[in-house]
Amino acid sequence: MSSENAEPTLRVMSLHALAYCERLFYLEEVEEIRVADEAVWAGRQLHAELDEPGDVVEMTLELAALGIRGRVDALRRRSGELYPVEHKRGRARRGAGGEPAAWESDAVQAAAYAMLLEEHAGRPVVEARIRYHRDNVTVRLRITEAERAAVVRTAARARELARSPDRPRVTEDERKCVRCSLAPVCLPEESRFAEAEALSLPAPDRGAPGVLAPRGATAASRAAAEALPSPVRLYPPDTERRSLHVVSHGARVGRSSDAFEVTEREGDCTRIGAREVSDIVVHGHAQITTQALRLCAAEEIAVHFVGAGGAHLGVFSGGSSGVQRRIRQFRGLTDDAFTIGLARRLVMAKIEMQLRHVLRASRKDDALRAGIEEPIEILRGSLRRAARAVDRPSLMGQEGSAARGYFSALAALVHPDAGDALRPRGRSRRPPEDRFNALLSFGYTLLYRDVLSAILRVGLEPGFGVLHQPRSAAFPLALDLTELFRVPVVDMAVLGAVNRRTFDAERDFAITGRQVWLSDVGRRALIEVYERRKHEEYRHDVLGFSLSYARMMELEARLLEKEWSGEPGLFARFRIR
């Protein structure tokens, strides 16, 4: 539009999205979240193959008066009259008598194209046609004043929503969510489940904002909540892409068209398509070219830099996140009671999973269980006191107390056949003073990197957390979410690998004074253990479906984002059994 202060023009496709679902419009057009699933790619292929005789295919038009723009699939002229043709992969709506008709969202889109064509041609356009390819029918849509008014109303509503930082509610028509490409972002069924669960609890049991209500509820209300049906599974079980680790000293990541080329110092070269990569981890003195970084920016692939000692040095992340998500996050962080409630959930989740891990690992050995009874009681006491904590210092105190008990028990869980060299002596971090702690520290770096990538994908600001405060180069929100996954993704994987004698005390480690390092061989071995664990699927005990830990990291980031978006209740609820 001509004025610098005028609002940007709306895509006609955005009007189609709004007529279908206001939340879909908001996610795509306002927050700029777009996911190309199989159906979206098939639709693009259909439009790419359109080439009918007599058609003018794909003309971009704009209507300044209404502030809309769009690219028409095809234009036709019959008997001197122009009309647009819109192509759809699906089926037509069927009227009362079974005759084909246009869906409401398709009618708004086609009418908008007709109005654009009028502006361009300078003559009335009285008809548009919609071709439904699934049932091979064409619907003729008369462009009446009612159709024009629907376009004007939809455009006005679109501008109203675009001015608000608040995301619209999930649609009441659940059928619309089943095939929506944005279901893994929107999480509609999870939102409905959380709302139904909250309504199933009596008012006194719901607790203050940010408090996990069902755990403080009465037995009757807990039973009512547990009786709720699990949400319909719309969230993918695992990520299709995988992390690319570049570990070799002197290796270089370059670009070849739409793929990455990893060249080793010896000259060996491996080619990996960009759509196969979730993120790139550049270890030690490996390198990445600016051309490869540009491809990462275009494909929204995060690049993490990890030092030779295993510390996370920084991240490059292309793309831009919708400011609305961060506005809601900052607004939510101003509510201290709500924020402490979220922090309490994190600490309780971590301590409870530490306790369950220790109980699970010792359940078949009475002598072992008796030997670690004191740490178990420390964990139980810390969990009870964390549930009553009302500020961050108290929560951090209970988290620290639980950690001391947990790591003293963890040493007893290492099998004698693994050898004393791999048995931890408490927890030491900077520097790790034994081999087990060296494994944990590097594993936590890998986990932190994955959690940070998930936070950036979701569009939250990692510099502001609910539990950790800014004290170092690490992002507080990434440290917060890392707490949920330390036990199931790193601790259990490392303990299992040590007890299976995966690591060799001499080959996989190097000792410099008090510092214990992972050798190149040890680092590669742990990366393999971690990545395999990350893609193992686990049943979420609240939502009722299984998904990989890699997917669960992104799910928890999205559930946290929902806490600030008016759809609370499911964040930090999963537990190991």
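**Reading strands and helices in a predicted model**

Author: Helix α9 (residues 290–299) lies across β10, β11 (259–263) and β14, running at about 65 degrees to β10. Keep in mind that this is a predicted model.

Reader: What is the order of the strands in the open sheet that holds β10, β11 and β14?

Author: First the general idea. Strands of a sheet pair through backbone hydrogen bonds, in either a parallel or an antiparallel way. Now the case here. The open sheet has 4 strands, in the order β12-β11-β10-β14, and its pairing is mixed. β12 (269–273) and β14 (287–288) are the edge strands, each pairing on one side only.

Reader: How many bridges join β10 to β14, and which residue is the partner of Arg252?

Author: β10 (residues 252–256) and β14 run parallel and are joined by 2 bridges. Arg252 has Gln287 of β14 as its bridge partner.

Reader: Turn to β13. Is this strand enclosed or open?

Author: Count its buried residues. A residue is buried when its relative accessible area is under 20%. In β13 (residues 277–283), 6 of the 7 residues are buried, so the strand is largely enclosed by the rest of the structure. For the protein chain, buried residues make up 54% of the 577 residues.

Reader: Which strands pair with β13?

Author: Strand β9 (residues 242–246) pairs with β13 in the parallel sense, over 5 bridges. Val246 has Val282 of β13 as its bridge partner. Strand β15 (residues 302–306) also runs parallel to β13, and 5 bridges join the two. There, Asp279 stands opposite Ala302 of β15.

Reader: Now the helices. At what angle do α11 and α14 cross, and what does that make them?

Author: Take the angle between the axes. Under 35 degrees counts as roughly parallel. The axes of α11 (residues 336–361) and α14 (residues 392–413) cross at roughly 15 degrees and come within 10 Å. The two helices are therefore roughly parallel to each other. The crossing of α11 past α14 is left-handed.

Reader: Which residues make the contact, and how do they divide by type?

Author: From α11, the contact residues include Ile340, Ala343, Val347, Ile351 and Val358. From α14, they include Leu395, Ala402, Tyr406, Leu410 and Leu413. Arg344 and Lys350 of α11 also take part, as does Glu399 of α14. The contact residues divide into 13 nonpolar, 4 polar and 4 charged.

Reader: Step back to the chain. How many helices and strands does it have?

Author: The protein chain has 18 helices and 20 strands. Among contacts between residues at least 6 apart in sequence, 65% join residues at least 24 apart.

Technical notes: Residues numbered from 1 in each chain as written. Predicted model: local features only at pLDDT ≥ 70, side-chain atom pairs only at ≥ 80, totals over all residues. Heavy atoms only, no water. Pairing = 2+ DSSP bridges. Contact = heavy atoms within 4.5 Å. Axes fitted to C-alpha atoms, helices over the stretch in contact; angles between N-to-C directions. Parallel < 35°, antiparallel > 145°, perpendicular 65-115°, else oblique. Left-handed = near helix turned anticlockwise from the far one by under 90°. Nonpolar A, V, L, I, M, F, W, Y, C, P; charged D, E, K, R; others polar. Buried < 20%, exposed > 50% of the residue type's maximum accessible area, 1.4 Å probe, protein only.
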